[in-house]
Amino acid sequence: MEAIYYPYVLQNTRRTKGVMTVIGTGSITLPPDTVQVHVEVRTENETLTIAQQENATAMNQVIEALLNFGIDNEHIQTASYNITPQYDYIDGEQRFRGYEVSNVIQVTSVVIDKIGAIIDLAVENGANGISNIQFFVADEQAAYQKALNEALNDATEKAQSMAETMHLQIDPIPIKIVEERREAPIIPRMFVAKEMSGTTPIEPGQLTINASVTVQFNY
């Protein structure tokens, strides 16, 4: 018996699910409620012990003034302490000048509108270096969670919009969500020289906390 061949055979095929990948972003803007500043005392002397003693005397005076101002002791922390030999170069020759001692403390305050007064007080009592002024939100995690929710909603809306444009039926439940790396919301401020008639002006501005997610949907 001869075999019968059918040149066209209809086959039932099942469409493979597609994957749509979108990126969602969210942000929350709010005023900072905590400020940190580095206060430095630098001294120099040919004799190391004298440079250290002068530095300790000046820094103790700065700390005492800050405590009397109302800064809690636990909010004053040593950030660095360095001893560095100093040299002059005269006619191509290196000559020892003395030792520089640098002591830096980190001061934290929740009364951010007083940061200018804190800086002025530190300078008046012996500090000769101010740097690294940064503003924070104490409960940053709560604000970040709100930004994260916004990012996920943004990703979902984007996926639905693209699916409608392409006439696709999208599964609203994501198959994968990846939280992207986030950066701490820090606003640095430069030290501004004080005018003769007022307090050093430092503006905290607003903090923006960002969140980003990469989300995949089936369609």
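**Charges, folds and cores**

Tutor: Start with a network of salt bridges that links Glu44, Asp88 and Arg97. Keep in mind that this is a predicted model.

Student: How far apart are the closest N and O atoms of Glu44 and Arg97?
Tutor: They are 2.6 Å apart, in a salt bridge. That pair links distant parts of the chain. Glu44 sits in strand β2, residues 34-45, and Arg97 in strand β4, residues 93-109. The two are 53 residues apart.

Student: How many salt bridges does a search of the whole structure find?
Tutor: Five. One of them joins the side chains of Arg42 and Glu40, at 3.1 Å from N to O.

Student: Glu40, buried or exposed?
Tutor: Buried. Its relative accessible area is 16%, and the cut-off for buried is under 20%. Arg42 is partly exposed, at 34%.

Student: What does Glu93 meet in a salt bridge?
Tutor: The side chain of Arg95, at 3.8 Å from N to O. Glu93 counts as partly exposed because its relative accessibility is 44%. Arg95 has 39%, so Arg95 counts as partly exposed as well.

Student: Switching topic. What does the secondary structure come to?
Tutor: Three helices and eight strands. Along the sequence the pattern reads β-β-α-β-β-α-β-α-β-β-β.

Student: What share of the contacts between residues at least 6 apart join residues at least 24 apart?
Tutor: That share is 82%.

Student: And what percentage of the residues is buried?
Tutor: Buried residues are 35% of the 219 in the protein. The accessible surface comes to about 14500 Å². Carbon and sulfur atoms account for 50% of that surface.

Student: OK, cores. Which residues touch the most other members in the largest nonpolar core?
Tutor: Val39, Val62, Leu66, Val107 and Ile133. That core has 24 residues. The elements giving it two or more residues are β2, α1 (48-69), β4, α2 and β5.

Student: What is Val62 in contact with, leaving aside neighbours within four places in sequence?
Tutor: Val39, Val41, Ala122, Asn125, Gly126 and Ala127.

Student: What does the side chain of Asn125 reach?
Tutor: The backbone oxygen of Leu121, at 2.8 Å.

Student: Which residues does Asn125 touch, not counting those up to four places away in sequence?
Tutor: Ala58, Gln61, Val62 and Ala65.

How values were computed
Residues are numbered from 1 along each chain as its sequence is written. This is a predicted model: local features need pLDDT of at least 70, side-chain atom pairs count only at pLDDT 80 or more; totals for chains, interfaces and linings use all residues. Side-chain values use heavy atoms; hydrogens and water are left out. A salt bridge is a side-chain nitrogen of Lys or Arg within 4 Å of a carboxyl oxygen of Asp or Glu. Buried means under 20% relative accessible area, exposed over 50%, partly exposed in between (1.4 Å probe, protein chains only). Helices (H or I, at least four residues) and strands (E, at least two) are DSSP runs, numbered from the N terminus. Contact means heavy atoms within 4.5 Å. Accessible areas come from the Shrake-Rupley method with a 1.4 Å probe; for residues, only the protein chains shown count as cover. A polar contact is a pair of N or O atoms within 3.5 Å; within protein, one must be able to donate a hydrogen and the other to accept it, and residues adjacent in sequence count only if both atoms are side-chain atoms. A nonpolar core is a set of buried Ala, Val, Leu, Ile, Met, Phe, Trp, Tyr and Cys residues joined through side-chain atoms within 4.5 Å.
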